[in-house]
Amino acid sequence: MKAFNDLADFSSDEIAALLELALRLEQHPEPEALRGKVLSLLFLSPSLRTLASFQAAMTRLGGGSFVISPEMSIHGIETRPGIVMDGAAAEHIREAVPVIASYGDAIGIRAFAQRQNLEFDMAETEFTALTDLIHTPYINMESAMNHPCQSLADWKTMDDLGMPATGGKFVLSWAYHPRALPLAVPASTLHMAAKRGMDVTVLRPEGFELPDAIMQKARAAADESGGSIVESEDRVEAMEGAHVIYAKSWSSTKHYGDKLSDQKLREELLDWCVDEPWFDNARDDCRFMHCLPVRRGVVVSERVLDGPRSIVIAEARNRMFAQMAVLHQMLGTQS
Ligand code: CP
């Protein structure tokens, strides 16, 4: 495997093989599998789970890793192309990235969306500019529009619980958050649930529709897997018979890059905080999912988050096993 960038790059059989490997590595550890291998981790955006789970994954497989982020005591990094570097930054990303990559056998890169221009972010302009600088295998640890490691872990979490694929109802719901957040998780999650063959409802208020290209990509995956996609603004209709609700806040696509207009729109939507009454007409065993970090009492009520519906800790733990499978395939002897 030369890149783990998007679940859409993999067939259903390839994803099934990764999930099988993740489960095998969870149940039967292989502490020598990646002995002597090094993973470089470049975080241009903050993290807890991704950072810790990749380091833990490499250690559990017998390899090592190192982390570089702008918050560390490194030289200030300039990212703008074509700039005369007579300011504070002493190093350009064009040298920094290939140097970091050269110390490892593979590199993981995180660079969130700039959230100024939707076309720029949809084209993955920044992430592609970074991966164009390297020749080693790479892993997308969250880019502008993708978070494949989260999606693989979420898929495994649903499998672990025996949640149905075909016929399973998956509600991807927008939730309130005081800030305009990226589209990477909702875009990846929607595609993942569709590719898993689920009947997906995207529940979102007006102004927060996901971009057409994201919806079309998910519809194509659903057509192939036997799943389906609908959109709704009606919470009661959306939650009818749901097996799972996956909550996530994201930026208004109507006002992308316009913080004030986004703010004005979202401040009317404080009641989009997932709470127990949301589940009134869902299945009794309907689960609550979120990629974390999550704001308690804002995105979801404490009673749902701490209650039996919540599987957020299992999702986070599965990040490690899912990534172990990716690393095993990318860096193992059979890669
Ligand atoms: N879900 C997730 O990617 O968490 P972090 O931002 O903490 O890595």
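Predicted model: local features only at pLDDT ≥ 70, side-chain atom pairs only at ≥ 80, totals over all residues.
Which residues of the largest nonpolar core touch the most other members?

1. **The main core.** Start with Phe4, Phe170, Leu190, Phe279, Phe288 and Leu327: within the largest nonpolar core, which has 92 residues, these touch the most other members. The biggest contribution comes from helix α12 (residues 312-331), which supplies eleven residues. Both domain 1 (3-146 + 319-331) and domain 2 (162-310) are represented, with at least three residues from each. As general background, nonpolar side chains in soluble globular proteins tend to be buried together.

2. **A second core.** Do look for the other one too: a separate core of 14 residues, with Leu42, Ile93, Ala101 and Leu133 among them.

3. **Two domains.** The protein is divided into domain 1, made of 3-146 together with 319-331, and domain 2, which covers 162-310. Their C-alpha centres are 26 Å apart. Where the domains meet, 20 residues of domain 1 are in contact with 22 residues of domain 2.

4. **Helices α2 and α12.** Helix α2 (residues 49-60) packs with α12 at an angle of about 50°, and the axes are 8 Å apart. An angle of this kind makes α2 oblique to α12. The crossing of these helices is right-handed. On the α2 side the contact includes Arg49, Phe54, Met58 and Arg60, while α12 brings residues including Met320, Gln323, Met324 and Leu327. You have already met Leu327, one of the residues that touch the most other members of the largest core.

5. **Helices α7 and α8.** What angle do α7 and α8 make? Helix α7 (residues 184-195) and helix α8 (residues 212-225) pack at about 15°, with 7 Å between their axes. The two helices are therefore roughly parallel to each other, and their crossing is right-handed. From α7 come Ala187, Leu190, His191, Ala194 and Lys195, which meet Ile214, Met215, Lys217, Ala218, Ala221, Ala222 and Ser225 of α8.

6. **Leu190 up close.** This α7 residue deserves a moment of your time. Setting aside residues up to four places away in sequence, Leu190 touches Leu172, Val200, Val202, Leu210, Ile214, Met215, Ala218 and Ile229. Of these, Ile214, Met215 and Ala218 are in α8.

7. **Tyr246.** Is Tyr246 buried or exposed? This residue, found in strand β11 (residues 244-248), is buried, with a relative accessible area of 0%. Leaving out residues up to four places away in sequence, its contacts include Gln150, Asp154, Phe170, Leu172, Thr189, His290, Cys291 and Glu315. Tyr246 and Val202 are 44 residues apart in sequence, yet 9.7 Å apart in space, C-alpha to C-alpha.

8. **A cis peptide bond.** Please have a look at the bond from Leu292 to Pro293, which is cis, with omega near 5°. Pro293 sits in the loop between β12 (287-289) and α11 (302-305).

9. **Two positive phi values.** Glu124 is not a glycine, but its phi is positive, at about 55°. You will find Glu124 in the loop between α4 (118-122) and α5 (125-131), where the residue is buried, with a relative accessible area of 16%. Glu142 also has a positive phi, near 125°, and is likewise a residue other than glycine. Its place is the loop between β7 (138-140) and α6 (148-160). Glu142 is buried, with a relative accessible area of 8%.

Definitions and conventions: Residues numbered from 1 in each chain as written. Heavy atoms only, no water. Core = buried A, V, L, I, M, F, W, Y, C linked by side-chain atoms within 4.5 Å. Buried < 20%, exposed > 50% of the residue type's maximum accessible area, 1.4 Å probe, protein only. Helix = DSSP H or I, 4+ residues; strand = E, 2+ residues; numbered from the N terminus. Domains from an automatic or database assignment. Contact = heavy atoms within 4.5 Å. Axes fitted to C-alpha atoms, helices over the stretch in contact; angles between N-to-C directions. Parallel < 35°, antiparallel > 145°, perpendicular 65-115°, else oblique. Left-handed = near helix turned anticlockwise from the far one by under 90°.
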